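The following note sets out points for a colleague who is reading this model. Please consider each of them with the structure in view.

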Amino acid sequence: MDRFWKKVKKTDSCWNWTGIKRSDGYGAFVIENKWFRPHRFAYELIKGEIPPGLVLDHLCRNPLCVNPDHLEPVTNRENVRRGLAGMQNKLKTHCPHGHEYTEENTYTSNRGKRNCKTCNRERTRKAYWENNEKLEENQ
């Protein structure tokens with residue numbers, strides 16, 4: 001425990017992990033050849049077990065924070081929805097094929113992902129004609 005807490009720098013709000021930092025921005029540490037995520041370790045140490053099927057959302061948006069009061073167990077879907085990845089997607093103005101995301105040309109899937117109506121129409125048309133050709137070949 002002492003080794004863990006020596007790598008935590010407490011501020012007025014966040015408790016920042018100062019140990020190993022992974023390329024994804026989150027911390028990491030080892031106990032007896034087993035890797036742990038410091039925020040999960042601190043949460044379970046102070047608040048208890050993370051419910052099965054849930055992940056910890058950093059409410060402070062600081063992936064190195066291990067303050068259990070800044071961590072909330074949520075579904076992965078909710079965590080992604082709240083996260084910066086969702087914000088970056090909303091900032092995109094065009095689909096990967098260059099069509100503009102406008103109200104008329106965009107629909108949102110059940111998972112909250114934006115989709116281009118023009119690309120969807122082109123995929124549907126292509127699949128229709130490919131199926132038609134296969135049917136004609138089989139007759």
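1. The model is a predicted one, and the distance is computed from its atoms.

2. The sulfur of C119 has its own closest cysteine sulfur in C95, at 3.7 Å, and this too is too far for a bond. A disulfide would require the two sulfur atoms to be within 2.5 Å. In keeping with these distances, a search of the whole structure returns zero disulfides.

3. Are these cysteines buried or exposed? C116 has a relative accessible area of 5% and is therefore buried. C119 is likewise buried, with a relative accessible area of 7%.

4. As to secondary structure, the protein chain contains five helices and nine strands. Their order along the sequence is α-β-β-β-β-β-α-β-β-α-α-β-β-α.

5. Helix α2 spans residues 38-46, and its buried residues are P38, H39, F41, A42 and Y43. Just after α2, G48 adopts a positive phi of about 115°.

6. For a compact globule of 139 residues a radius of gyration near 14 Å would apply, whereas the protein chain has 23 Å. Along the principal axes, the C-alpha atoms of the protein chain fill a box of roughly 75 × 35 × 25 Å.

7. Burial and contacts can be read beside these dimensions. Of the 139 residues in the protein chain, 27% count as buried. When contacts in the protein chain between residues at least 6 apart in sequence are considered, 31% of them join residues at least 24 apart.

8. The protein chain exposes about 10,400 Å², of which carbon and sulfur atoms supply 49%.

Note on methods. Residues are numbered from 1 along each chain as its sequence is written. This is a predicted model: local features need pLDDT of at least 70, side-chain atom pairs count only at pLDDT 80 or more; totals for chains, interfaces and linings use all residues. Side-chain values use heavy atoms; hydrogens and water are left out. Buried means under 20% relative accessible area, exposed over 50%, partly exposed in between (1.4 Å probe, protein chains only). Helices (H or I, at least four residues) and strands (E, at least two) are DSSP runs, numbered from the N terminus. The radius of gyration is taken over C-alpha atoms; the globule rule is 2.2 Å times the number of residues to the power 0.38. Contact means heavy atoms within 4.5 Å. Accessible areas come from the Shrake-Rupley method with a 1.4 Å probe; for residues, only the protein chains shown count as cover.
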